[in-house]
Amino acid sequence: MRIARLRTGLLILLVLAPLAACGEADMADQARAKTWDKNPFFPRDITMRQPVAGTVPRSDPAQPMPQPKTISRDLLDRGRQRYTVFCTPCHGQDGRGAGMIVARGFPHAGDLTGEALRRTSAADLYDAISNGRKAMFGMAQMIPSADRWAIVAYVRALQLSQDAPVASLPAEDRARLEAAR
């Protein structure tokens with residue numbers, strides 16, 4: 001009986017001994033090669049490898065880029081299209097903050113046509129799209145920088161279009177408006 005206990009104890013120790021040698025794996029604290037390190041394992045002793053043939057380069061969408069110098073029709077069209085995809089669910093087509101998800105119980109989104117946001121700089125609007133504000137989360141990883149600037153340009157056009165006096169419209173647009181009544 002005593003020998004059986006001793007054997008069982010020894011067997012348990014043999015099974016558990018390897019587990020005692022296991023530490024917590026920490027990927028940040030392990031041997032690794034940095035991009036520009038020398039590495040005799042590879043040809044020319046360099047760690048950095050050439051991309052596999054056919055690899056498509058991918059830029060980081062969150063990477064900021066400077067504000068466009070001019071606003072073109074193409075930029076506004078792109079901004080409208082991207083606004084419709086990313087902003088309309090919360091801010092609505094008119095930018096007043098009553099989009100579809102607001103109608104389903106989410107908090108009221110900011111009114112993009114309000115006086116406070118009209119006074120806000122384009123850089124602040126770009127930053128809000130990139131990093132978020134209040135209940136809005138940052139969209140930098142989803143919307144490339146050029147598209148964020150296009151959205152800012154479209155929001156500015158949207159702000160100008162809301163509550164514009166009919167007298168300020170071109171005659172052609174006034175005639176269409178009168179015909180629609």
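Modeller: A definition to start: angles between axes under 35 degrees count as roughly parallel, over 145 as roughly antiparallel, 65 to 115 as roughly perpendicular, and the rest as oblique. This is a predicted model, where local features need pLDDT of at least 70 and side-chain atom pairs pLDDT 80 or more, while totals for chains, interfaces and linings use all residues. Residues are numbered from 1 along each chain as its sequence is written, and side-chain values use heavy atoms, without hydrogens or water.

Colleague: Are α6 and α7 parallel or oblique to each other?

Modeller: Helices here are DSSP runs (H or I, at least four residues), strands are E runs of at least two, and both are numbered from the N terminus. Axes are lines fitted to C-alpha atoms, for helices over the stretch in contact, with angles from 0 to 180 degrees between N-to-C directions. The axes of α6 (residues 122-131) and α7 (residues 145-161) come within 9 Å and cross at roughly 125°. The pair is therefore oblique.

Colleague: What is the hand of the crossing of α6 and α7?

Modeller: A crossing is left-handed if the near helix is turned anticlockwise from the far one by less than a right angle, and right-handed if clockwise. For α6 and α7, the crossing is right-handed.

Colleague: How many residues of the contact of α6 with α7 are charged?

Modeller: Contact means heavy atoms within 4.5 Å. α6 brings residues including Leu 125, Tyr 126 and Ile 129, and α7 brings Arg 148, Trp 149 and Arg 156 among them. Ala, Val, Leu, Ile, Met, Phe, Trp, Tyr, Cys and Pro count as nonpolar, Asp, Glu, Lys and Arg as charged, and the others, Gly among them, as polar. The contact holds 9 nonpolar and 2 polar residues, and its charged residues number 2.

Colleague: How does α2 lie against α7, parallel or perpendicular?

Modeller: Their axes are 7 Å apart, at an angle of about 95°. That is why α2 and α7 are roughly perpendicular.

Colleague: Among the residues of the contact of α2 with α7, how many are nonpolar?

Modeller: α2 supplies residues including Leu 75, Arg 78 and Tyr 83, and α7 supplies Asp 147, Ile 151 and Leu 158 among others. The contact has 4 charged residues and 1 polar one, and the nonpolar count is 10.

Colleague: How far from Cys 87 is the nearest cysteine sulfur?

Modeller: A disulfide is a pair of cysteine sulfur atoms within 2.5 Å. The whole structure has 0 of them. For Cys 87, the nearest cysteine sulfur belongs to Cys 90, at 8.4 Å.

Colleague: Is Cys 87 buried or exposed?

Modeller: Cys 90, at 28% relative accessibility, counts as partly exposed. Cys 87 has 13%, so Cys 87 counts as buried.

Colleague: What is the phi of Lys 134?

Modeller: Lys 134 sits in the loop between β1 and β2. Its relative accessible area is 89%, so Lys 134 is exposed. Lys 134 is not a glycine, yet its phi is positive, near 45°.

Colleague: Which residues does Thr 35 touch, leaving out those up to four places away in sequence?

Modeller: Thr 35 lies in the loop between α1 (2-21) and α2 (73-86). At 43% relative accessibility, Thr 35 counts as partly exposed. The residues touched are Thr 47 and Met 48.

Conventions: Buried means under 20% relative accessible area, exposed over 50%, partly exposed in between (1.4 Å probe, protein chains only).
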